[in-house]
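Please read this report with the sequence and the model side by side. It looks at how parts of one chain are packed against each other.

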Amino acid sequence: MRSLFCAAALLLSAAAAQAQEWPSRPITITMGFPPGSGTDVVLRTLQPLLDKALGQRIVIDYKAGAGGNVASDVVANARPDGYSFLMGTAGTHGINAALYKKLSFDVESDFTPISTLVDVSNVLAINPKAIDASDVKDFIARVKAAPGKYNYASTGNGAGTHLAFAEFNARAGLDMVHVPYKGSPDAVQSVLNGDTCCIFAQVQIAMPQASAGKMKLLGVSTRKRVPALPDVPTIDEAGLPGFESYTWFGIFGPKGLDPAIALKMNLAIKAALADPEAQKKLADLGNTPRYETLDEFKATVKRDRAKWSEVVKSVGATIE
């Protein structure tokens with residue numbers, strides 16, 4: 001018994017020393033979406049601040065595919081040594097659990113939630129050459145007048161952009177064809193090309209295209225207007241009462257992560273999000289910075305998993 005107690009004490013001592021020394025080498029954050037996507041832009045905005053707060057370099061490893069599931073699987077099976085994290089979203093940890101019939105991981109028990117980074121609003125963006133709508137009401141009227149004629153793009157089957165449009169169509173009584181793409185860049189390009197007429201795009205992705213005159217922004221998906229787009233009404237006020245759809249981005253570690261390391265990472269995120277310049281950059285991109293404690297983020301994941309499960313069921317979406 002004495003030997004067992006001594007062994008346990010040594011293990012605890014080694015774990016404590018590891019947490020105190022962490023991080024001693026670069027940290028990898030696996031990204032389940034392609035370069036240039038909204039998640040990528042947010043993480044790259046915060047990357048130098050996290051480097052500074054942690055005293056080590058953050059390396060972004062892109063593993064796009066299956067709505068973020070490829071990256072999630074990588075981190076779910078990673079060693080919980082503090083050097084492997086995931087850039088997750090309400091999609092990877094809320095929607096996918098209900099959308100996919102089989103996952104190789106559990107979105108709650110196989111991860112250690114660290115903190116949210118931002119809340120993200122989508123905006124209904126159209127190609128005026130594909131559908132020349134003046135506002136949300138006009139858009140609805142034109143689509144209703146031509147059932148099945150118009151295609152809309154999304155960043156993937158069951159992605160937040162898909163579910164936002166599916167709910168929009170259901171509420172407005174529209175018949176549109178869904179065309180899924182692998183990430184924001186391809187989906188947005190399809191609208192610019194006229195292959196699809198419209199998309200619920202993240203604000204930060206749509207704004208440059210609107211400024212260049214290539215897209216027209218009809219309404220944001222949140223209940224309140226977005227400061228970066230003060231002249232763009234909400235969908236709710238522009239013609240579809242009660243409509244709301246938004247998501248969040250956040251950081252996760254694998255299960256079994258040392259609580260002391262999880263807390264250090266959480267506090268590094270808190271410091272990064274407190275930076276005034278970073279706050280302005282994120283807000284200018286249409287994001288709302290949001291820090292949460294470890295327990296708060298854990299509760300957010302649990303709550304959103306239940307919420308998105310209901311949305312997925314209501315639109316009948318499913319992926320094998």
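## About the model

This is a predicted model, in which local features need pLDDT of at least 70 and side-chain atom pairs count only at pLDDT 80 or more, while totals for chains, interfaces and linings use all residues. Residues are numbered from 1 along each chain as its sequence is written, and side-chain values use heavy atoms, with hydrogens and water left out.

## The nonpolar cores

A nonpolar core is a set of buried Ala, Val, Leu, Ile, Met, Phe, Trp, Tyr and Cys residues joined through side-chain atoms within 4.5 Å, where buried means under 20% relative accessible area, exposed over 50% and partly exposed in between (1.4 Å probe, protein chains only). The largest such core has 32 residues, of which Leu46, Phe85, Met87, Ile251 and Met265 touch the most other members. Several helices and strands (DSSP runs of H or I, at least four residues, and of E, at least two, numbered from the N terminus) each supply at least two residues, including strand S3 (84-89), strand S9 (246-254) and helix H10 (259-273). H10 gives the most, with seven residues.

Apart from this core lies another, of 25 residues, among them Val136, Phe165, Ala172 and Ile235.

## Thr45 in helix H2

Thr45 has its place in helix H2, and it counts as buried because its relative accessibility is 17%. Leaving aside neighbours within four places in sequence, Thr45 is in contact (heavy atoms within 4.5 Å) with Lys281, Leu282 and Leu285.

## Two pairs of packed helices

Two packed helices are described by the angle between their axes and the distance between the axes. Axes are lines fitted to C-alpha atoms, for helices over the stretch in contact, and angles run from 0 to 180 degrees between N-to-C directions; angles under 35 degrees count as roughly parallel, over 145 as roughly antiparallel, 65 to 115 as roughly perpendicular and the rest as oblique.

Helix H4 (residues 90-99) and helix H12 (residues 294-315) pack at an angle of about 45°, with their axes 8 Å apart, and H4 and H12 are therefore oblique to each other. The residues that make this contact include His93 and Ile95 of H4 and Arg305 and Trp308 of H12. Helix H5 (residues 136-144) and helix H6 (residues 160-172) cross at roughly 75°, their axes coming within 11 Å, and H5 and H6 are therefore roughly perpendicular. Here Val136, Phe139, Ile140 and Lys144 in H5 meet Phe165, Phe168 and Ala172 in H6.
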